[in-house]
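Let's take a walk through this protein together, with the sequence and the model side by side.

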Amino acid sequence: MRDPLFDIPCLTIDGQEKTLAEFDARVLLVVNTASQCGFTPQYKGLEALWKRYGSQGLVVLGFPCDQFGGQEPGDEQQVAAFCERNYGVSFPLFAKVQVNGGDAHPLFVQLKKRAPGVLGSKAIKWNFTKFLIADEGRSIERFASRTAPETLAKSIEAHL
């Protein structure tokens, strides 16, 4: 039986509804992103992971979020153009979401519940929090904003 996490509808940055199940991946890296954040240069590292491990079964998924300091003020077209122009992002991007509060996207509600932060905190503290989903959802690891994408290579390789 498939984990219900994979059936949560998500809207792509160009308006298509998809679920995680539609990505032919053994490992998913879900990240809440922002274009005007001190961590924005992590797009480069995320793209490098996607290029390095994509053919082996990794899919990086970016979910723009404007909940932290208004650091993602643009609309979806602006976000997509910024990511492509400045970081060559080719991994899938999604429509802007909220990750905390009553309007939090159901995907992030589940990820926070299954992989709490430091001291059991459910809230996402800032942009570029990363969730590594493997083993058909049985393994979910959470990484803080400060965690550079390139340091995730060992965790990714362990699940590929």
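The model is predicted, so local features need pLDDT of at least 70 and side-chain atom pairs count only at pLDDT 80 or more, while totals for chains, interfaces and linings use all residues. Residues are numbered from 1 along each chain as its sequence is written, and side-chain values use heavy atoms, without hydrogens or water.

Start with the largest pocket, which holds about 230 Å³ of space. A pocket here is an open set of points on a 1 Å grid over the protein atoms alone where a 1.4 Å probe fits, with protein on both sides within 12 Å along at least five of seven lines; lining residues have an atom within 4 Å of a point. Among its lining residues are W126, R142 and F143. The lining divides into five nonpolar, four polar and three charged residues, with Gly counted as polar.

The second largest pocket holds about 180 Å³. Of its 14 lining residues, F6, A25, R26, V27 and E136 are the closest to its centre. Strands β3 (27–33) and β5 (130–134) each supply at least two lining residues; strands are DSSP runs (E, at least two residues) numbered from the N terminus. By class, this lining has nine nonpolar, two polar and three charged residues.

Finally, find A21 in the loop between β2 (17–18) and β3. A21 counts as partly exposed because its relative accessibility is 31%, between the cut-offs of 20% and 50% (1.4 Å probe, protein chains only). A21 touches R2 and F6, leaving aside residues up to four places away in sequence; contact means heavy atoms within 4.5 Å.

Definitions and conventions
Points joined across faces, edges and corners; volume = space filled by probe spheres on them. Helix = DSSP H or I, 4+ residues; strand = E, 2+ residues; numbered from the N terminus.
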